[in-house]
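Hi everyone, thanks for making time for this. I'd like to walk you through one protein model, so please have a look at the screen.

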Amino acid sequence: RKVDYMNRGYYENITEYISKNADRVFKSPNDLFKYPFIDPGSVYDGNLWDWDSFWTVYALIAYERTLNDGGAFRKKLTEGAMGNVLNFFDFQLEDGYIPMMVSKFNQGENEEPYLIQKHRDGVILNMHKPFLCQQSCLVSGLTGSFSWLEKYIVNLEKYFECYDRHYFNENCGLYVWADDVMIGMDNDPAVFGRPRFSTASIYLNAFMVKEMRSMAKILKNTGQSERAGYYTEKADKLCEAIQKECYDPKDKFFYSVDVDIKTRSYDWFHKGLGVFWKTLPIKIQAWTGFIPMYSGIADKNQAEHLVRKHMENRDTFCSDFGIRALAKDEKMYNLEPTINPSNWLGPVWLVVNYVVFRGLLNYGYRKEAAELCDKTLLLLGEDYRKTGSLHEYYNPETGEPIMNPGFLNRNMLAVNMIQELTEGFSVFDYL
């Protein structure tokens, strides 16, 4: 069908909404945060989140290009984006641990943030998701220089060392979640309610590949090319592990995997051929199976199967408003409004639409990317027309908003989609 993503007025509605609300996400330093920062807006006001702040900055870089204000917004955006990174560094512990979120919620006077307290007590919880180097690259794209990062390379090195120390499964070469708390895709059935350290999530590992490549870029641009090669090699090895353990050649899909496998025999019942496999696929089809196209892990044949067999399948991921977060034919498919955890069991999230969109462009599927952009503008444009607001996530069957009006954050990625299709400009190139 003909793509008419610029002809419905929806893009103008979305940019109008952003222009009215963008200032809400910029926060000044306070008694918890030393530097200015950027929050997700809506019910998350005043919180600093890892991948949320990354995507907000990612989107606002594109939005800033639509302005003609003499650079005032860009200055504020640069300060907030750099402040995000510096605030996270400020909360980093000696062993490299950085929390994925910092908030005053349930925090008493003079108390450390909860996640910091627990880590000091020896409880290993999840840490900052793999978007710290990527956000640092966004800041460098805004400033035109990596020099501001030179004195923080040690912080980034410790951050990776902490990941390798606590979350790396040497048997299979993949990273695992410590538990199911604050994992980005909150109630991912491959993680949610499962034993600690048992799931090597495709989300975690595929985004980690991109994070390692961003670290290599940082090192190369700060005069440490040899060290950059170390992270390039780490990324390549992780890609190999993902291909070996997470890609299912029968289903033509990337899955999260169970690493809780006993590989040694202890009694005479097990003296024969033992367990020689390192993981078991958790065969739940979620949007995370498309992240390898965003991160450049999938080969061309795998990408073709992901697009034709899965993304375009209306019985699983494809809807009139974008990509379902969980395949429609999964038994866990559910569209109920919920928070803490947020519902990723089928609703359309704009970050899902964008990650799949970017993956499509990475592999040359421009027509399909344009159609997904069209659906995204339809979804957000109709929401704004009917409610005067945008929401956090949506019903893929009707396009109706599910919850959290006033949400900004990743919804702004619609601007990136338009610019990447019409202007050839992509913030993705900063990473």
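Let's start with a term: a salt bridge here is a side-chain nitrogen of Lys or Arg within 4 Å of a carboxyl oxygen of Asp or Glu. The general idea is that side chains of opposite charge can pair when their charged atoms come close.

Quick housekeeping before we go on. This is a predicted model, where local features need pLDDT of at least 70 and side-chain atom pairs count only at pLDDT 80 or more, while totals for chains, interfaces and linings use all residues. Residues are numbered from 1 along each chain as its sequence is written, and side-chain values use heavy atoms, with hydrogens and water left out.

So, how many salt bridges does the structure hold? There are 32. One of them joins lysine 158 and glutamate 94, with the closest N and O atoms 3.8 Å apart. That pair links distant parts of the chain: lysine 158 sits in helix 6 (residues 153-166), and glutamate 94 is in the loop between helix 3 (72-90) and strand 4 (101-102), 64 residues away. When I say helix or strand, I mean DSSP runs numbered from the N terminus: H or I with at least four residues for helices, E with at least two for strands. The C-alpha atoms of the two residues are separated by 8.2 Å. Leaving aside residues up to four places away in sequence, lysine 158 touches Gln92, Glu94, Asp95 and Gly96, where contact means heavy atoms within 4.5 Å.

Lysine 158 is partly exposed because its relative accessible area is 27%, and glutamate 94 is exposed at 70%.

Now over to helix 12 (residues 366-387). Arginine 385 pairs with glutamate 382, closest N and O atoms 2.7 Å apart. They are three residues apart in that helix, so about one helical turn separates them. Arginine 385 counts as exposed at 55%, whereas glutamate 382 counts as buried at 18%.

Lysine 386 meets glutamate 400 in another salt bridge, 3.3 Å from N to O. Lysine 386 lies in helix 12 and glutamate 400 in the loop between strand 14 (393-394) and strand 15 (401-403), so this pair ties together parts 14 residues apart in sequence.

There's a network too: salt bridges that share partners join Glu304, Arg308, Glu312 and Glu368. Glutamate 368 is in helix 12 and is buried, with a relative accessible area of 10%. Not counting residues up to four places away, glutamate 368 touches Val307, Arg308, Met311, Glu312 and Leu360.

Next, helix packing. Two packed helices are described by the angle between their axes and the distance between the axes. Helix 2 (residues 50-64) and helix 11 (residues 350-362) pack at about 65°, axes 12 Å apart. Here axes are lines fitted to C-alpha atoms, for helices over the stretch in contact, and angles run from 0 to 180 degrees between N-to-C directions. Which residues meet there? Trp51, Trp55 and Tyr58 in helix 2 meet Val351, Tyr354 and Val355 in helix 11.

One last stop: leucine 273, in the loop between strand 10 (257-258) and strand 11 (280-281). Leucine 273 counts as exposed at 80% relative accessibility. Thanks, that's me done!

Methods:
Buried < 20%, exposed > 50% of the residue type's maximum accessible area, 1.4 Å probe, protein only.
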